[in-house]
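The structure comes before the text.

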Amino acid sequence: MIQVENLHKRYGERQVLRDISLQVEAGEIFGIVGHSGAGKSTLLRCLNGLEKYDSGTVVVMDQEVGSLAEKKLLTLRRRMGMIFQTFNLMERRNVFENVAFPLEVWHTPKAGIRDRVAALLRLVGLEDKAGERPANLSGGQKQRVGIARALALNPEILLCDEATSALDPRTTLSILDLLRDINARLNLTIILVTHQMEVVKRMCRRTLILDNGLARGTGETAELFLAPPPGLRRLIHDEYAHISQGVNIRLGFPKEIAREGIISSMARSLDLDFSIVGGSLERYQEDVLGFLVINVLPEHLEKTLDYLRARKLRWQVLDDGQPEDCHA
Amino acid sequence: MPEAPSSFALWLERLAALTPELLESSLDTLYMVFFSSFFSLLAGFALAVCMILTGPAGLNPRPGIYRVLDVAVNLGRSFPFIILLIAIIPLTRLITGTTIGSAASIVPLTVAAIPFVGRLLEANFLEVDRGVLEAARAFGANNAQIIFKVILPEALPAIVLNVAVLAITLLGYSAMAGAVGGGGLGDLAIKYGYNRFQVDVMIYAVCILVLMVQIIQSVCNFFYKKLR
């Protein structure tokens, strides 16, 4: 569906994208994640030609975006919807008219617009808000209008630029569920740009991690987060407060044993004490994976690691907050 | 013995005598302001569209063209109106066939207002949220559609407020045009009130101008609230 190869872009002196390559398959939800200023929004805009790039190729639905003439580019954009962090709705148009905008742009007859917009508002659950101005809607409702508008022209690809970053956690989940529902129902390819790691974990089978214009990792989302390649850990892990004596070990629980009482059985069979420094449960699409950071005394380290190796657990030894050893 | 007329009756009589002239001058003023506003809005709109197309953050940046427009607008705006009035007399004669009267005043008023309108509307257009423009582009809208379906409608309330600024400015300018035979209330105030020491005429003319400013501003405020 989308192939990006060796993409470079600079703004004046500043290199914003460096040698980015990625592939997106039809029908998948692909994540692009990174901190602000990493270049992810720019990368997204290269896909529909809102931004030009200096070298490399961007092939979207068999067309090279950078070399398309203006007319062809507009026709390509017609097949790609886009939603935004700030929703970008027209304040002076009501909900109906906002959703109708792309249809007007492409000269859809009035009756066709009426039916299409009604169907879209039903899809996003806003059929009773057709006459409202955006100013009277909540953030989540505005984003639903944005989604309805983005789907108006039956696109094959939906580009999401920080679509949930301005929303509260509960609304975020409802918007993500809606996107996932649309992805399944319409077989829509979705590219999701975000700085929220939880969002890609929840939504994307595959993810590209962008840092300072560089692709720092790409692949299966769960693999990336469970066994991050060196240099990437600090980017994607929260740093745990740690105890000065002893060694911190970060454990990841694969899906099969996430629900077993692994910690207590380890304590029992090794007969030693360790403290729990931090932990979390994270949702990866349909799975819930657990993370736990434990602190053991240095003299017990080898014994503990032997046990972990035997149990085929994912673990990393964290030293001074900096991960140095890793076992996936 | 017939009663001497009261001062109020005298005043009323005087006002009645002046009314036709005040009325005619008022209509002349409205005529000048309306048409010069109308024509300068048309031309200024075209100018502002060119500026947001070619401008640094424009839809189709052309720094060379923008710099020329930018300097031309600044030049036009720095030109004292009274000088412009005289300087473009040949153009005025070419268009209207005369250089006196309110029809002739419309030409310099319009010419003076075009760069002003261009700048006001450019500012209004730039105020439209860039994200909204980007969204329109993302759905395949071309530049003409972005200008007429997005920028213009979104900027409309602010433009209406600037129409009041424009009309009131032109009302002031029209009084100046009156000074050189342009007709209208300014002409009346100077001819009778100043040159012939008929202070009451001058006061009436000024009162009508004040009233006009109030009405123009109120009407535009009304439409602004309605459009928002």
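The text below takes helix pairs, then a hairpin, then the domains and the chain interface.

This is a predicted model, in which local features need pLDDT of at least 70, side-chain atom pairs count only at pLDDT 80 or more, and totals for chains, interfaces and linings use all residues. Residues are numbered from 1 along each chain as its sequence is written, and chains are lettered from A and ligands numbered from 1 in the order in which they are written.

**Helix pairs**

Two packed helices are described by the angle between their axes and the distance between the axes. Axes are lines fitted to C-alpha atoms, for helices over the stretch in contact, with angles from 0 to 180 degrees between N-to-C directions. Helices (H or I, at least four residues) and strands (E, at least two) are DSSP runs numbered from the N terminus.

| Helix pair | Angle | Axis distance |
|---|---|---|
| α3(A) (residues 95-105) and α4(A) (residues 110-123) | about 120° | 10 Å apart |
| α3(A) and α5(A) (residues 139-151) | roughly 30° | within 7 Å |
| α1(B) (residues 7-54) and α2(B) (residues 63-78) | roughly 140° | within 9 Å |

Angles under 35 degrees count as roughly parallel, over 145 as roughly antiparallel, 65 to 115 as roughly perpendicular and the rest as oblique. A crossing is left-handed if the near helix is turned anticlockwise from the far one by less than a right angle, and right-handed if clockwise. Contact between two residues requires that their C-beta atoms, placed from the backbone, lie within 7 Å. For residue classes, Ala, Val, Leu, Ile, Met, Phe, Trp, Tyr, Cys and Pro count as nonpolar, Asp, Glu, Lys and Arg as charged, and the others, Gly among them, as polar.

At an angle of about 120°, α3(A) and α4(A) are therefore oblique to each other. Their crossing is right-handed. On the α3(A) side the contact is made by A:F96, A:V99, A:A100 and A:L103, and on the α4(A) side by A:I113, A:R116, A:V117, A:L120 and A:L121. These residues divide into 8 nonpolar, no polar and 1 charged.

With an angle of roughly 30°, α3(A) and α5(A) are therefore roughly parallel to each other. The crossing of this pair is right-handed. From α3(A), A:V95, A:N98, A:V99, A:F101 and A:P102 meet A:V145, A:A148 and A:R149 of α5(A). The contact has 6 nonpolar, 1 polar and 1 charged residues.

In chain B, the crossing angle of roughly 140° makes α1(B) oblique to α2(B). The crossing of α1(B) and α2(B) is left-handed. B:C50, B:M51 and B:T54 of α1(B) make the contact with B:I65, B:Y66 and B:L69 of α2(B).

**Strand hairpin**

Strands pair if DSSP finds at least two bridges between them. In chain A, β9 (residues 206-211) and β10 (residues 214-220) are paired in the antiparallel sense over 6 bridges. Opposite A:I209 stands A:G217 of β10(A). The two strands form a hairpin with 2 residues between them, and A:N212 in the turn has a positive phi of about 55°.

**Domains of chain A**

The domain assignment, whose bounds come from an automatic or database source, divides chain A into domain 1 (2-226) and domain 2 (238-327). Their centres, taken over C-alpha atoms, are 37 Å apart. In the contact between them, 6 residues of domain 1 touch 7 residues of domain 2. On the domain 1 side, α7(A) (197-203) and α8(A) (221-226) each supply at least two residues. The largest share of that side, 3 residues, belongs to α8(A). By class, the domain 1 side has 2 nonpolar, 1 polar and 3 charged residues.

**Chain interface**

Between the chains, 16 residues of chain B contact 19 residues of chain A. The elements giving two or more residues to the chain B side are α6(B) (130-138) and α7(B) (143-179). The largest share of this side, 6 residues, comes from α6(B). The chain B side divides into 7 nonpolar, 4 polar and 5 charged residues.
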